[in-house]
Amino acid sequence: QIGSDIYYKVTRIGSYAFGECISLTSIKIPEGVTSIGHSAFKGCSSLTSIKIPEGLTSIGYSAFSGCEKLTNINIPEGVTSIGVEFFSGCSSLASIKIPEGVTSIKSSAFLGCSRLTSITIPESLTSIGIYAFWGCSSLTSIKIPEGVTSIGGGAFYYCESLTSINIPEGVTNIGASAFWGCSSLTSIKIPDGVTSIGY
């Protein structure tokens, strides 16, 4: 407080704000915060819980990369993109719900999330980036929405527990190594609209 009636209120958490705070275990982000910058919590290796308020609309790339003890997180409605390396290396993350309105999962977003068993993807999604789910070795199934038109290279690389996957009719391109190392995959249906499958 400055004087008697002027208050400062946090509305934005900047890039690298808490990056590499290796002893930080939990944090509550206050109401009124609308954006979290890139790498804001990157490398917070002891962080187990974080509460994100409704009303937040923007979260930068690598925001939670390397938060290896984070077990769950709420992504509020209003966020439209899961950015590059968003949760990469979050090896304790078991489940997550991506809210309606998100249109893209960028490259390496869930790379190395080896305990991820459940993920809810909204119907609004249109693209899955390269390496998006690389090494999600506990993921057994995933439903790709009908609006998706492209599956990036290496998207499901080494998803060793993945037994089935639906590729919707709108997909036209499947990138290189998209299902490399998916040793439990028993069947897959390629829709007629696919014109390109990478090596």
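Strands are DSSP runs of E with at least two residues, numbered from the N terminus. The model examined here is predicted.

**Exercise 1.** Determine where Ser-65 lies and whether Ser-65 is buried or exposed.

*Solution.* Step 1: Ser-65 belongs to the loop between β5 (58-59) and β6 (81-82). Step 2: buried means under 20% relative accessible area. Step 3: the relative accessibility of Ser-65 is 8%, so Ser-65 counts as buried. Step 4: the side chain of Ser-65 makes a polar contact of 2.9 Å with that of Ser-88.

**Exercise 2.** Carry out the assignment of location and burial for Ser-108.

*Solution.* Step 1: the loop between β8 (104-105) and β9 (118-120) holds Ser-108. Step 2: with 10% relative accessibility, Ser-108 counts as buried. Step 3: beyond four places in sequence, the contacts of Ser-108 include Ser-88 and Tyr-131.

**Exercise 3.** Classify the aromatic pair of Phe-87 and Phe-110.

*Solution.* Step 1: a pair of aromatic rings is described by the distance of the centres and the angle of the planes. Step 2: planes under 30 degrees apart count as stacked. Step 4: Phe-87 lies in the loop between β6 and β7 (95-97) and Phe-110 in the loop between β8 and β9, so the pair ties together parts 23 residues apart in sequence. Step 5: Phe-87 is buried at 0% relative accessible area, and Phe-110 is buried at 0%.

Terms used: Residues numbered from 1 in each chain as written. Predicted model: local features only at pLDDT ≥ 70, side-chain atom pairs only at ≥ 80, totals over all residues. Heavy atoms only, no water. Helix = DSSP H or I, 4+ residues; strand = E, 2+ residues; numbered from the N terminus. Buried < 20%, exposed > 50% of the residue type's maximum accessible area, 1.4 Å probe, protein only. Polar contact = N/O pair within 3.5 Å; in protein donor to acceptor, adjacent residues only side chain to side chain. Contact = heavy atoms within 4.5 Å. Phe/Tyr/Trp six-rings, centres within 6.5 Å; stacked < 30°, edge-to-face > 60°.
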